[in-house]
Amino acid sequence: MERRKRENSVLAGAAELFDLPADMVAGAPHVEVVGNGHFYLENHRGILSYSGEEIAVSSEGMVVRVLGRGLELVSMTGDALRIRGEIQRVEWER
């Protein structure tokens, strides 16, 4: 318990120092959606399923599902990915 308090304190200090949201520093998923055509996710753990209608991505403690039409994975690095297509819905499942 004490260790977790110290870790949270360090993360909060780093977030404040770099003017970042604390959850972003802690490895929580960061999602951006632009219109209904572009989706960006940081801090992912990999693709779970992929089709033109649904892309499911593992993230810290949850699954993020992007649903729509003509979905495609545009780019993917070790911790970030971009999806484009007609995005109709984004769901989070714990």
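Between which two strands does the loop that holds Thr77 lie? Thr77 is placed in the loop between β5 (62–76) and β6 (80–93), where helices (H or I, at least four residues) and strands (E, at least two) are DSSP runs numbered from the N terminus. The model is a predicted one, in which local features need pLDDT of at least 70 and side-chain atom pairs count only at pLDDT 80 or more, while totals for chains, interfaces and linings use all residues. Residues are numbered from 1 along each chain as its sequence is written, and side-chain values use heavy atoms, with hydrogens and water left out.

Thr77 is partly exposed, with a relative accessibility of 47%; by the criterion applied, buried means under 20% relative accessible area, exposed means over 50%, and partly exposed lies in between (1.4 Å probe, protein chains only). The C-alpha atom of Thr77 is separated by 9.9 Å from that of Asn43, a residue 34 positions away along the chain. Asn43 itself belongs to the loop between β2 (38–42) and β3 (44–50), and its phi is positive, at about 70°, although the residue is not a glycine. With a relative accessibility of 15%, Asn43 counts as buried.

Ser59 is part of strand β4 (residues 54–59) and is buried, its relative accessible area being 4%.

The structure contains 5 salt bridges, a salt bridge being defined as a side-chain nitrogen of Lys or Arg within 4 Å of a carboxyl oxygen of Asp or Glu. In one of these, Arg45 pairs with Glu60, and the closest N and O atoms are 2.3 Å apart. This pair links distant parts of the chain, since Arg45 is in strand β3 and Glu60 in the loop between β4 and β5, 15 residues apart. Glu60 is partly exposed at 39% relative accessibility. A salt bridge is likewise formed by Glu72 and Arg84, with 2.9 Å between the closest N and O atoms. Because Glu72 lies in strand β5 and Arg84 in strand β6, the pair ties together parts that are 12 residues apart in sequence. Both partners count as partly exposed, Glu72 with a relative accessible area of 34% and Arg84 with 37% relative accessibility.

A further salt bridge joins the side chains of Glu91 and Arg89, with an N to O distance of 2.7 Å. Glu91 is partly exposed at 31% relative accessibility, and Arg89 is partly exposed at 46%.
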